[in-house]
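Welcome, and thanks for stopping by. Let's walk through this one together, with a few questions along the way.

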Amino acid sequence: MTTLNKKLSIVGAGPGDPELITLKGVKTLQSADVVLYDALANEALLEYVPETAIKVFVGKRAGMHYRQQREINRMIVNYVETCGHVVRLKGGDPYVFGRGHEELEYAAAHGIPTDYVPGISSAMAVPGLGGIPLTKRGINESFWVVTGTLKDHSTAKDLRFAAQSSATAIILMGMKKLPEIVALFEQYRGAEETVAIIQDGSKETERSIVGDLGSVLALQQKEQLTAPAIIVIGEVVKEKGKALGQFLAERALAE
């Protein structure tokens, strides 16, 4: 009789591009008996999962909670007890506004061994992939990663502190609060502060806009960018495309 390997693994799927999962994440998926995966985890990653494994979509997006968190917690425990190794596949990094640690704590409280496999956070990767460095010498000294919306649907208070700083602000889950966020940052940084919005970062469906605080709402309305999207506010946004532009200018002079 085979003894079940009862365990929960919290795995970060990365920002969307299936090639951006870690090697350890792939190996963990290959040993899964059950995979509970989110809306932001690319379904192409399920190709690494054994054919015999159970695959359950438990995606949640703003205003569209397919499965409530309490139900997901109970599912984790039930599947571990009945099937063995459960992999909770979550977009980005599960410990960056992903509630991964809450799920790990719930499982541990029920005596279940747990493991955490970090993922590449969309907050870090998506701006860079779009040509925006989060920090650059002579421009800024730090960056803030802030949620745009709290669980009671109010605007995060830390946004005001971020707005008062000179740091790059990377705002997740903020599209529904975009007018409030823009007004707040414009109050402290002025209408000319640069901003980018990147939807579906790292995926083939990626779309983005770049402007300033005075124009970004009109641009967003025109292009109809929606969640999931990342908002980046700060002078580093001006670096987007600079390297390519400089290269093309130098090549034109050489010719």
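**Strands, helices and a glycine**

Guide: Strand 9 (residues 168-172) pairs with strand 12 (residues 229-233) in the antiparallel sense, over four bridges. Strands (E, at least two residues) and helices (H or I, at least four) are DSSP runs numbered from the N terminus, and two strands pair if DSSP finds at least two bridges between them. Please keep in mind that this is a predicted model, where local features need pLDDT of at least 70, side-chain atom pairs count only at pLDDT 80 or more, and totals for chains, interfaces and linings use all residues. Residues are numbered from 1 along each chain as its sequence is written, and side-chain values use heavy atoms, with hydrogens and water left out.

Visitor: Which residue is the bridge partner of alanine 169 in strand 12?

Guide: Strand 9 and strand 12 are joined by four antiparallel bridges. Across from alanine 169, the partner in strand 12 is isoleucine 233.

Visitor: What is the order of the strands in the open sheet of five?

Guide: The pairing in this sheet is mixed. The order is 8-9-12-10-11.

Visitor: About what angle does the direction of helix 4 make with that of strand 12?

Guide: Helix 4 (residues 122-129) packs on the sheet and touches strand 8, strand 9, strand 10 (194-199) and strand 12. Contact means heavy atoms within 4.5 Å. Axes are lines fitted to C-alpha atoms, for helices over the stretch in contact, and angles run from 0 to 180 degrees between N-to-C directions. For helix 4 and strand 12 the angle is about 75 degrees.

Visitor: Are Val34 and Leu36 of strand 2 buried or exposed?

Guide: In a regular strand the side chains alternate between the two faces of the sheet. In strand 2 (residues 34-37), Val34 and Leu36 lie on one side, Val35 and Tyr37 on the other, and both faces are covered. With buried meaning under 20% relative accessible area, exposed over 50% and partly exposed in between (1.4 Å probe, protein chains only), Val34 and Leu36 are buried.

Visitor: What is the relative accessible area of glycine 92?

Guide: Glycine 92 sits in the loop between strand 6 and helix 3 (100-109). Among the residues that glycine 92 touches, not counting those up to four places away in sequence, are Gly12, Pro15 and Ser121. Glycine 92 is buried, at 8%.
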